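Trainee: I keep getting lost when I look at a whole model at once. Could you take me slowly through the charged pairs, and then show me some of the interior?

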Amino acid sequence: MDKMHLHIKNNRAGEEVFSMSPERVAAALTRRPDIAERLDVTVDWDTDNFTASMAQAEGLLTWNLPKENLSRVAPKLKWIHIIGAGVEHLQPLDWLPRGVTLVNNRGVHAAKVADYGVMAILMLNNRMPAYYEAQRNRRFDPQFATPVTGKTLAVIGVGEMGGAVARAAKRFGLHVIGVRRGGRKTRSVHEMFGPESLDAVLVRADFVLITTPLTPETRNLIDRRRLDLMKPTAGLINLSRAAVVDYEALAAKLRDGSLAGAILDVFNPEPLPPNSPYWNVPNLIATPHVSSDDVESYAPLTLNLFFDNAARRLEGRPFRNRVRPRLGY
């Protein structure tokens, strides 16, 4: 019986948390004895043997890839699994060959991002960005807070990540409002609205969490005008992409005190260069894009999803986590 060939392309320059090493692949295959004998898996780095490996590959696991002439290089390819939730780095998707499905890593981040999101909400509620600023300037500056229970969290982009934070926030007694494309309701939040209601939602929020994908529609979504709609006592958390928020306008509001605080996990460029002005913005805490990546489980969960889609391919079932090229996520 012919085996299904799968290829895994790692990046040498990437962090170890994202490495799908031969040892991790072997461990993942032991968790799928039902299909392991039907798979031929190659693991490589960068494009060392990409052309040879892709000649027979039906599935590819990667972050990025050579897109030119892909249908010729990989004539048997059926799906590409991107090891992240966002695929904006591959846009526009006009290079994707006909008949090839793009899938992403939705759901792999949920547990870790829920922890980070609640941490960020509680830090903003308890004035931690202000205390950090006072510490940097050697000031003892008490600022008293009220409990988080009963306050309002707005989640902009209620997908797997936003939904995970929303569910965790509800357990802390927050009232959670969601904004998502189409406004389809979910139990993750108390109230759900479509993008046309975003302005009204921002006015109500004590905390705004950004987890929407970056698409042409969401680029600069939280612009200067919308930042001005937020309460001066409110805080903003961005776990999406930097381009969704006008960071210059956000920094100006943090400097003049018309917004209480912000916690940002995403920047452009990354790494944040030493001369970036965002290192010294008051009431801002910057983390280096670590909110959703679990060093122990990220790779195993990614491989579980990849091999689950391999099983689906063998059984003639649809792939999980299909990206809709028209929407960009």
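Mentor: Let's start with a word you'll need all the way through: a residue is buried if its relative accessible area is under 20%, exposed if it is over 50%, and partly exposed in between (1.4 Å probe, protein chains only). Keep in mind that this is a predicted model, where local features need pLDDT of at least 70 and side-chain atom pairs count only at pLDDT 80 or more, while totals for chains, interfaces and linings use all residues. Residues are numbered from 1 along each chain as its sequence is written, and side-chain values use heavy atoms, with hydrogens and water left out.

Now the pairs. A salt bridge here is a side-chain nitrogen of Lys or Arg within 4 Å of a carboxyl oxygen of Asp or Glu. That rule gives a count of 16. Take Glu58 and Arg313, whose closest N and O atoms are 3.3 Å apart. Glu58 sits in strand β3 (residues 57-62) and Arg313 in helix α10 (residues 298-315), so this bridge ties together parts that are 255 residues apart in sequence. Helices (H or I, at least four residues) and strands (E, at least two), by the way, are DSSP runs numbered from the N terminus. Glu58 counts as buried because its relative accessibility is 18%, whereas Arg313, at 32%, is partly exposed.

Some pairs join up. Asp34 is partly exposed, since its relative accessibility is 47%.

Now let's head inside. Val155 lies in strand β6 (residues 152-156) and is buried because its relative accessible area is 0%. Its contacts (heavy atoms within 4.5 Å), leaving aside neighbours within four places in sequence, include Gly162, Ala166, Val176 and Leu209.

Ala166 turns up again beside Ser188, which also touches Val158, Gly163, Arg167 and Lys170 once residues up to four places away are set aside. Ser188 is in the loop between β7 (175-179) and β8 (191-193), and it is buried because its relative accessibility is 6%. Its side chain makes a polar contact with the side chain of Arg167 at 3.0 Å. (That term means a pair of N or O atoms within 3.5 Å; within protein, one must be able to donate a hydrogen and the other to accept it, and residues adjacent in sequence count only if both atoms are side-chain atoms.)

Finish with helix α4 (residues 110-125), which has 16 residues and reaches 22 Å from its first C-alpha to its last, close to the 22 Å expected. The expected span is 1.5 Å times one less than the number of residues. Among its buried residues are Val113, Tyr116, Ile121 and Leu124. The buried residues of α4 pack against several elements, including β6, α6 (160-171) and β9 (207-210). Just after α4, look for Arg127, which takes a positive phi of about 65°.
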